[in-house]
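The questions below take the terms applied to a structure and ask what each one rests on. Each answer sets the value against the cut-off.

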Amino acid sequence: MSKFKIPVHTVHSGILQENAVMLGEKSMKKLKIPAHGTIRLTFGSFRQEVTVIPVPKADSLRVSEALARKLGLRQRLSLNASYSSGSRTLRLGPLIGVLVSRDHPDRPERVFGPITLFCRELTNACHAQGAYVYFFTPEGLETHSSSIEGWVYDEGWRKLSLPIADVINNRLTTRKVENKPSVQHFLADVKSRYGTHFFNEKFLDKTEVFEALAQDAALQRYLPESHALTGFAVLKRMCSSYPSVFLKPVRGSLGKGILRISKDEGGGYRLLSTTPLGTRKQVYPTLAKLFQSIAPKMKTTRYQIQQGLPLLELGRRPVDFRALVQKNGTGKWGVTSIVARTAGSNHFVSNLARGGTLSTVREAIGKSGLSSGTKESTQLQLPRAALAIARGVETYIPAHFGELGIDLALDQSGKVWLLEVNSKPSKNDNTPLSDVKIRPSVKQMILYCRYLAGL
């Protein structure tokens, strides 16, 4: 099978019929397409027999306006192309779909809210790599349809009818939307009918991750003791084993709802909770009284209780590390970036949404009180741990992931610990967005989509 990138142009339908394409002889030679006859043209779920009209001394593919509408193409662009002589099929793409939670048609500059700039960046990166991307919401889904309503960027955001994509990236931001029957039926349908690849297909919950990774002896060293909080007995046992424990909502994110419990200097127990304005402190005379105060929350929120760690600190503020681990163009895991996150003043979690600040790993470790030898070794240990954990998630959790946000911590002796794994890593955490520069994480995602699609 021959592959290369080909310019695609639209010509007036009066010049070219819908069931014919004009193909440059240079491209035909590179792709090893025979000089005359019909071939099958495919683009995502689109399939059509077309007659090839050779064009001397040219290297482009020209399609009629009517055919371009069916393909969802509005502008001149270059797409990867491959030709299979056995099936006489010319494939274009990959066609990539990104499933997002909502759109705002009345706000053309912010049609996808805070991720609109990321969507522009992804569009630009796809053009550079010969791929084509569109964005769609659960409202646009139809089971048993070969097309979908999606948004593309062409001198502004436009909504078009498009083929089902070769690869779909799930960027839904809530479990409620992700678990809608319409979403699940659509995904099952396109997987079975078109072989569509769908990655980051589900949210992870904290208990699920820790129980899965605990099956691997090599990963156990990264895992703080962690259990589902089923009642007072579990809380009492953990508080008697460790100076502090954390209660984390099993399905929480952005540091919301985290509780920290420790023994108070004056006797009794101290409860710290996260709020938008900072940390709230409460003291209870006994652990039983403290448990009574949080028991109502347990009726609506499932918690994981986790061993408290003596985290590395900078200026008495705890530091942790977010690793972005992605599949690459050969389908293997690689570490794209790791950043250090220092908690904001009056906070005990480091999330940016809670006032945390970013720095490089080298800068954060360099300012720490670790010994010089430990500083060097931890900079190697962090990416190794992130890779091992990503492979563990893939091995022990039955779902397809293409990228993971892995939160790691160092204790004050330099030992690496896992805090949590996020299957929907934020696109705003690592570097500032730019209309000009395309981030490595975005390039890597497209390379993985090309790998999945075989283009």
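Q: Why does Glu139 count as exposed?

A: Its relative accessibility is 59%, and exposed means over 50% relative accessible area, with buried under 20% and partly exposed in between (1.4 Å probe, protein chains only). Glu139 is therefore on the exposed side of the cut-off. This is a predicted model, in which local features need pLDDT of at least 70 and side-chain atom pairs count only at pLDDT 80 or more, while totals for chains, interfaces and linings use all residues. Residues are numbered from 1 along each chain as its sequence is written, and side-chain values use heavy atoms, with hydrogens and water left out.

Q: What makes the pair Lys180 and Glu139 a salt bridge?

A: The closest N and O atoms of Lys180 and Glu139 are 3.9 Å apart. A salt bridge requires a side-chain nitrogen of Lys or Arg within 4 Å of a carboxyl oxygen of Asp or Glu, so the pair qualifies. Lys180 itself is partly exposed, at 32% relative accessibility.

Q: Which parts of the chain does the pair of Lys180 and Glu139 tie together?

A: Lys180 sits in the loop between helix H4 (175-178) and helix H5 (181-194), and Glu139 in the loop between strand E9 (132-136) and strand E10 (147-153); the pair therefore ties together parts 41 residues apart in sequence. The element names are DSSP runs numbered from the N terminus, helices (H or I) having at least four residues and strands (E) at least two.

Q: How do you know that Asp103 and Lys159 form a salt bridge, and what does the pair link?

A: The closest N and O atoms are 3.6 Å apart, which meets the salt-bridge cut-off. The pair links distant parts of the chain, 56 residues apart: Asp103 in the loop between strand E8 (95-99) and helix H3 (116-129), and Lys159 in strand E11 (residues 157-163). Lys159 has a relative accessible area of 43% and is partly exposed.

Q: How many salt bridges does a search of the whole structure find?

A: The search finds 20. Among the linked residues are Asp320, Arg322, Arg341 and Asp407, which form a network.

Q: What makes a set of residues a nonpolar core, and which members of the largest one touch the most others?

A: A nonpolar core is a set of buried Ala, Val, Leu, Ile, Met, Phe, Trp, Tyr and Cys residues joined through side-chain atoms within 4.5 Å. The largest has 46 residues, of which Phe43, Tyr132, Ile168 and Phe186 touch the most other members. Apart from this core lies another, of 38 residues, among them Val209 and Val393.

Q: What class of residue lines the second largest cavity?

A: The lining has four nonpolar, three polar and no charged residues. Ala, Val, Leu, Ile, Met, Phe, Trp, Tyr, Cys and Pro count as nonpolar, Asp, Glu, Lys and Arg as charged, and the others, Gly among them, as polar. The lining residues are Gln75, Thr123, His127, Tyr132, Val133, Val152 and Tyr153.

Terms used
On a 1 Å grid over the protein atoms alone, a cavity is a set of points where a 1.4 Å probe fits but cannot get out, and a pocket is an open set with protein on both sides within 12 Å along at least five of seven lines; lining residues have an atom within 4 Å of a point.
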